[in-house]
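Subject: Structure handover

Hello,

Here is the structure I said I would pass on. My notes on it follow below.

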Amino acid sequence: MKYEDVLTFLTVVETQNLAQAARELFISQGTASIRIRRLEEELGVTLLYRQKGIKNAALTPYGERLIPIAQNWLDLHAEAHALKNLSLNRTLTVAATDTLNLFLLNDFYKHFISDHPEISLQIMTYHSQEISRMVDSQRCDIGITGSLFIYPSTKSFTLMAEPFVFLCHKKSPFADSLNVDCLKGEKEVYNNWSSEFDHWHRHYFASLKTKKITIGTPAMIPNFLDDEESWCIVPASLAERFISQVEHFCIRRPPISMPERKSYFLCRKTQLPEMASLIRMFQDSCLDYLARQQERNG
């Protein structure tokens, strides 16, 4: 059906007069009549009774039945043509580890939703291996992890690589000498940052048989840096945050070989165009934000 034909039919129904309908549509009565006949031919039914001397339009039973159908058709036509004007509610689901969400990405999320109010972020917190499974099974759009678990359906890249540093008390011998032999194993506050870090730590500090405490969440670290001999190894970005919480502690970088703390960005290899565009936008914004943070932190 053509839009002008349906509109003419409903206008005739409203005015109950073909001539009046033509005037309201700014067309001739002949054009209005042609449109009604064209609609009747397309549907194969008679919509109006036509009798000489009767000015008011009288609907046949088919015409009566067409009224709600025609009204719905016009509504659907209007909705379809309004699609281009819609502000679509776009949602991104991001799963990241607790440490990354809390310390690395928290401020970025704030910047992103401020710059892109049309996008709704859903943030979830899981362990790295579970995040990889979630991306693979499409339970989240983006995964950000500290350890990489590869699935055939996913792709990944290194989002950020940063050095590890030592936190120690300013009065500690290590603070001046940077000699790791000054550090006592029983005073270390240990967090297993990754399998690579744990392997390096076991090899490099093989002589240190005990630890002060092994924790499961980095947020607890400042609570246990409570004497002049306590120390820990943390990523540089976290060190800057922790140092404001522990009085008289400092950041040190000894001249030894150390692994980097890496954060990985995961998503599926194939995406619908709209989702692929959102993921690229998030990815580019995140890379830019982290690069500026690293530059600021030196």
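Helix 5 has a kink of about 70°, centred on Leu-105. The bend at a residue is the angle between axes fitted to the seven residues ending there and the seven starting there. Helices (H or I, at least four residues) and strands (E, at least two) are DSSP runs, numbered from the N terminus.

Before going further, the conventions. This is a predicted model, in which local features need pLDDT of at least 70 and side-chain atom pairs count only at pLDDT 80 or more, while totals for chains, interfaces and linings use all residues. Residues are numbered from 1 along each chain as its sequence is written, and side-chain values use heavy atoms, with hydrogens and water left out.

Back to helix 5. It covers residues 98-115, and its 18 residues should span 26 Å at 1.5 Å a residue; the end C-alpha atoms are 24 Å apart, which agrees. The expected span is 1.5 Å times one less than the number of residues. Buried residues of helix 5 include Leu-100, Phe-103, Leu-104, Leu-105, Phe-108, Tyr-109 and Phe-112. Buried means under 20% relative accessible area, exposed over 50%, and partly exposed in between (1.4 Å probe, protein chains only).

Thr-99 also lies in helix 5. Its relative accessible area is 13%, so Thr-99 is buried. Leaving aside residues up to four places away in sequence, Thr-99 touches Leu-104, Trp-193, Pro-218, Leu-238 and Arg-261; contact means heavy atoms within 4.5 Å.

Next, a helix pair. Helix 1 (residues 3-15) packs against helix 3 (residues 29-43) at an angle of about 110°, and their axes are 9 Å apart. Axes are lines fitted to C-alpha atoms, for helices over the stretch in contact, and angles run from 0 to 180 degrees between N-to-C directions. The two helices are therefore roughly perpendicular (65 to 115 degrees). On the helix 1 side the contact involves Glu-4, Asp-5, Thr-8, Phe-9 and Val-12, which meet Ala-32, Arg-35, Ile-36, Arg-38 and Leu-39 of helix 3. These contact residues divide into five nonpolar, one polar and four charged.

Lastly, two backbone angles. Gln-16, in the loop between helix 1 and helix 2 (18-24), has a positive phi near 60° without being a glycine. With 47% relative accessibility, Gln-16 counts as partly exposed. Gln-138 is not a glycine either, and its phi is positive at about 65°. Gln-138 sits in the loop between helix 6 (128-136) and strand 5 (142-145), and at 57% relative accessibility it counts as exposed.

Regards

Definitions and conventions. Parallel < 35°, antiparallel > 145°, perpendicular 65-115°, else oblique. Nonpolar A, V, L, I, M, F, W, Y, C, P; charged D, E, K, R; others polar.
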